[in-house]
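The following exercises concern a single protein chain. Please work through each task before reading its solution.

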Amino acid sequence: MHFTGIIIAVSTFLIIGFFHPIVIKAEYHTGTRLWWLFLIIGVACIAGALFIENDILSALIGVLGASSLWSIGELFSQKKRVEKGWFPMNPRRRHEYSKIDKNETLCPVHHGRSIYAVDDED
């Protein structure tokens, strides 16, 4: 039997799950200021994966790098979630948050507007 696919799948699931609380904690304690750290880690891991001969390890380092890069966007989305009241706000950094429109969405495709928002053009 070949377990490579299952090892990579389970490890990918765990890596992604590992980054979820990291993003939440990073945004709570430091805001979006440390986005560059996720960038450095992501680029370093992806570059490092190019030079690792072991297929499983190379794939996992690549997934770690991709997850780190994905976390940059999640960090800024997490700030929006806090502004919407979905997550607790750090009271020491209250001045960094702005009020958010209830119809605003986190989707960049709709340019900050919810697809369900009703325009008051009456």
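**Exercise 1.** Which residues make up the largest nonpolar core?

*Solution.* The model is predicted: local features need pLDDT of at least 70, side-chain atom pairs count only at pLDDT 80 or more, and totals for chains, interfaces and linings use all residues. Residues are numbered from 1 along each chain as its sequence is written, and side-chain values use heavy atoms, with hydrogens and water left out.

A nonpolar core is a set of buried Ala, Val, Leu, Ile, Met, Phe, Trp, Tyr and Cys residues joined through side-chain atoms within 4.5 Å. Buried means under 20% relative accessible area, exposed over 50%, and partly exposed in between (1.4 Å probe, protein chains only). The largest such core has eight residues: I15, F19, V23, A26, F38, V63, I72 and L75. Helix 1 gives the most, with four residues.

**Exercise 2.** State whether F18 and F19 are buried or exposed, and classify their ring pair.

*Solution.* First, F18 is exposed, with a relative accessible area of 52%, whereas F19 is buried, at 9%. Next, rings of Phe, Tyr and Trp (its six-membered ring) pair if their centres lie within 6.5 Å; planes under 30 degrees apart count as stacked, over 60 as edge-to-face and the rest as tilted. The count comes to one aromatic pair. The ring centres of F18 and F19 are 6.1 Å apart and their planes stand at 85°, so the pair is edge-to-face.

Technical notes
Helix = DSSP H or I, 4+ residues; strand = E, 2+ residues; numbered from the N terminus.
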